[in-house]
Amino acid sequence: MANNAKNVSFGKPKATGAVFVAPAGTTLPTNATSSLDAAFKNLGYVSEDGLVNGVETDTETINAWGGDQVLVGQTTFGEMFTTNLIETNEDVLTTLYGEDNVTVDGSGNITLKVNSKVLPNI
C-alpha cells in the first residue's frame, strides 16, 4: 500500500469542550454535525493527551502432539477509552463519583463523598 496524505487527519476539540456524557438510553447523534441531545453534559477541559483508545486482545496457542504450533486463536477482545479531565466542576465530579456523592450549596461550594458504592452506568 502506498502512502497517501489524504488518509491523515488531525482532530481538534471544539472550544466548548470535547468529552460529553449522558445517561444510558439517551438518543445518540446520527452524524458528526447533528446537535447533541440536551441530556449530554460537557465535562470541560481535557488534558493535551485528549481521548485515548486502548485495545486489548488475548490469544490462545494450540499445539499439535509433538510441539508444532497449528493455531493461534483470539480468545478475548476489549476496548477502553481513557481521558484526563482537568476541570473540576459538578458534572465532572458526578460522572466520576455518582450524583449521590456530590452536593453543591447555594454559593457554588462543592462537597464530595468518596466511598465504594457501585456507580450507575452512564
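The model is a predicted one.

The start of helix 1 is considered first. Asn89 is located in the loop that runs between strand 4 (69-85) and helix 1 (90-97). Because its relative accessible area is 18%, which falls under the limit of 20%, Asn89 is classed as buried. This residue caps the N-terminal end of helix 1, with a side-chain oxygen placed 3.0 Å from the backbone nitrogen of Asp91. The side chain of Asn89 also makes a polar contact, at 3.3 Å, with the side chain of Glu87. When neighbours within four places in sequence are left aside, Asn89 is in contact with Leu43 and Ile110.

Within helix 1 itself, the residues Val92, Leu93, Thr94 and Thr95 are buried. The buried residues of this helix pack against several strands, namely strand 1 (20-21), strand 2 (41-42), strand 4, strand 5 (102-104) and strand 6 (110-112). Thr94 provides an example from helix 1. Thr94 counts as buried because its relative accessibility is 13%. Apart from neighbours within four places in sequence, the contacts of Thr94 are with Lys41, Glu99 and Val102. Leu96 also has its place in helix 1, but at 44% relative accessibility Leu96 counts as partly exposed. The C-alpha atoms of Leu96 and Met1 are 43 Å apart in space, and the two residues are 95 residues apart in sequence. After helix 1 comes Gly98, which has a positive phi near 95 degrees.

Side chains of opposite charge can pair when their charged atoms come close. A search of the whole structure identifies 1 salt bridge. In a salt bridge, Asp91 is joined to Lys41, and the closest N and O atoms are 3.9 Å apart. This pair links distant parts of the chain, since Asp91 belongs to helix 1 and Lys41 to strand 2, 50 residues apart. Asp91 is partly exposed, with a relative accessible area of 25%. Lys41 is likewise partly exposed, with a value of 29%.

Attention now turns to strands 3 and 4. Strand 3 comprises residues 46-63 and pairs with strand 4 in the antiparallel sense, over 14 bridges. Two pairs of facing residues illustrate the arrangement: Asp58 stands opposite Thr76 in strand 4, and Val52 stands opposite Thr82 in strand 4. The hairpin formed by strand 3 and strand 4 has 5 residues between the strands, and Gly66 in this hairpin takes a positive phi near 110 degrees.

A nonpolar patch on the surface is formed by Ile62, Val70 and Leu71, which together have about 260 Å² of accessible area. Of these residues, Ile62 lies in strand 3. The relative accessibility of Ile62 is 34%, and therefore Ile62 counts as partly exposed.

The remaining residues lie in the later part of the chain. Asn109 is situated in the loop between strand 5 and strand 6. Because its relative accessibility is 46%, Asn109 counts as partly exposed. With neighbours within four places in sequence left aside, Asn109 is in contact with Thr103 and Val104. Asn109 and Thr76, which are 33 residues apart in sequence, have C-alpha atoms separated by 45 Å in space. Thr76 is the residue of strand 4 that stands opposite Asp58.

Val114 is found in the segment after strand 6. At 63% relative accessibility, which is over the limit of 50%, Val114 counts as exposed. The C-alpha atoms of Val114 and Val52 are separated by 26 Å, and these residues are 62 residues apart along the chain. Val52, in turn, is the residue that stands opposite Thr82 in strand 4.

Technical notes
Residues numbered from 1 in each chain as written. Predicted model: local features only at pLDDT ≥ 70, side-chain atom pairs only at ≥ 80, totals over all residues. Heavy atoms only, no water. Helix = DSSP H or I, 4+ residues; strand = E, 2+ residues; numbered from the N terminus. Buried < 20%, exposed > 50% of the residue type's maximum accessible area, 1.4 Å probe, protein only. Polar contact = N/O pair within 3.5 Å; in protein donor to acceptor, adjacent residues only side chain to side chain. Contact = heavy atoms within 4.5 Å. Pairing = 2+ DSSP bridges. Patch = residues over 30% accessible without salt bridge, like charges linked within 9 Å, V, L, I, M, F, W, Y side chains within 5 Å. Areas by Shrake-Rupley, 256 points an atom, 1.4 Å probe, with all protein chains shown as cover. Salt bridge = Lys/Arg side-chain N within 4 Å of Asp/Glu carboxyl O.
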